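Hi,

Here is the structure we talked about passing over. Have a look at it first, and then read on for my notes.

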Amino acid sequence: MSAPLSDLAVPPSILDTDLYKLTMQQAVLRIFPDIQASYRFTNRSASVLFSRQCIERFRTAVSHFSTVSLSEAELQWLKKACPYLSQDYLSYLSSYRYKPEQVKVKYIPVTSDNLQGKVEIDIVGPWVETILWEVPLMACLSESYFQTVAVDWNYDHQDEIAYSKGKTLLEAGCHFSEFGTRRRRSFRAQDIVVQALVRASHDIGTGGLSGTSNVHLAQKYDLTPIGTIAHEWFMGVAALRGYEKANTVALKLWEEAYDGKEAPSLHSGDPFIFAPRVKTMYQSLGIPHDSKSLIFSDALNVEKCLEIKKQCDELGFSKVSFGIGTNLTNDFRTASTGEKSKALNIVIKLASVDKNPASN
């Protein structure tokens with residue numbers, strides 16, 4: 001049964017997004033405040049179609065994004081929880097409003113009755129404004145899809161499943177964060193997961209729940225908001241400043257945006273090739289590797305985390321943590337058969353900056 005219109009997937013807070021979008025928005029505000037940008041949606045599972053009803057519901061939800069804004073209580077919390085966010089940026093965020101006219105949604109029917117089809121989504125506008133659309137827009141589309149198309153599921157046992165995953169990770173001594181905003185089944189699903197992980201963290205004495213990437217849920221459950229410098233920053237800088245030594249230039253500009261202060265960052269790569277390569281690199285430079293931090297976040301589940309931790313323990317890395325996303329917030333089964341109810345495999349990527357293509 002489809003969800004009522006009153007249950008539109010509109011973010012409950014402007015902080016219902018991943019921290020890295022805020023940290024990058026601050027950097028763009030400081031370094032590239034006048035640059036125009038575009039983003040493009042991709043459905044990586046071409047056989048998965050959207051219903052006309054789903055896309056109309058999605059459009060309606062997007063039109064309500066403009067009602068979301070930073071509250072005074074959220075502002076005061078950000079000042080304490082995220083001291084790397086400047087007063088200038090927080091003032092900007094306080095006045096920020098989503099502009100739905102920046103989002104162009106095109107439904108393309110492919111069935112004879114025109115009720116099933118594909119969707120094209122493009123976002124165009126100043127980079128400093130459009131940068132915030134990616135995460136909540138993907139979450140909105142995912143929730144709309146599971147409200148209208150794939151509806152044979154429910155929330156039964158979601159709390160127990162999330163608690164069990166957290167318990168397994170914690171008992172194995174893993175340090176991890178919840179990273180599941182973008183492709184979550186719904187906001188309610190993510191809320192259930194984070195609440196269960198907090199409970200597991202309180203019950204289990206080993207390992208550690210480092211926090212959540214979702215800033216709103218970090219505030220709600222008194223967790224550390226966990227952020228990254230995402231691939232998007234490097235793509236944008238390369239398109240603007242050239243691809244030669246783009247990584248070095250991007251990191252220097254990042255330091256400039258943060259006045260040389262330590263800013264949130266993430267080092268990631270192929271989960272079983274990356275750590276050995278990092279160890280070899282440090283050894284070649286004569287730098288002890290055992291005190292260096294490694295953070296993994298690419299398509300992780302509990303079993304993969306345990307395997308990676310075992311490898312890193314054997315390599316001598318003592319500071320290893322994991323960002324787990326879709327496997328936590330969109331792990332469901334169909335109610336009628338018990339088969340896996342698959343999450344959408346969707347992305348929204350930076351397409352251009354200042355009319356220069358942003359290569360992935």
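Below is what turned up, starting with a sheet and moving on to the aromatic rings.

A word on the ground rules: this is a predicted model, so local features need pLDDT of at least 70 and side-chain atom pairs count only at pLDDT 80 or more, while totals for chains, interfaces and linings use all residues. Residues are numbered from 1 along each chain as its sequence is written, and side-chain values use heavy atoms, with hydrogens and water left out.

**The sheet**

Four strands make an open sheet, ordered β6-β5-β8-β7, with parallel pairing. Strands here are DSSP E runs of at least two residues, helices are H or I runs of at least four, and both are numbered from the N terminus; two strands pair if DSSP finds at least two bridges between them. At the edges are β6 (208-212) and β7, each pairing on one side only. On average, neighbouring strands are turned by 25 degrees against each other, direction ignored. (Axes are lines fitted to C-alpha atoms, for helices over the stretch in contact, and angles run from 0 to 180 degrees between N-to-C directions.)

Strand β5 (residues 175-178) is joined to β6 by four bridges, and Ser177 stands opposite Gly211 in β6. Helix α7 (residues 158-171) packs on the sheet and touches β5, β6 and β8 (contact means heavy atoms within 4.5 Å); its direction makes about 155 degrees with that of β5. Helix α13 packs there too, touching β7 and β8, and its direction makes about 165 degrees with that of β8.

**The rings**

A search of the whole structure gives 18 aromatic pairs. Rings of Phe, Tyr and Trp (its six-membered ring) pair if their centres lie within 6.5 Å; planes under 30 degrees apart count as stacked, over 60 as edge-to-face and the rest as tilted. Phe65 and Trp133 are a stacked pair, at 5.3 Å centre to centre and 20 degrees between the planes. These two sit 68 residues apart in the chain. Phe65 is buried, at 0% relative accessible area, and Trp133 is buried as well, also at 0% (buried means under 20%, exposed over 50%, partly exposed in between, with a 1.4 Å probe and protein chains only).

Cheers
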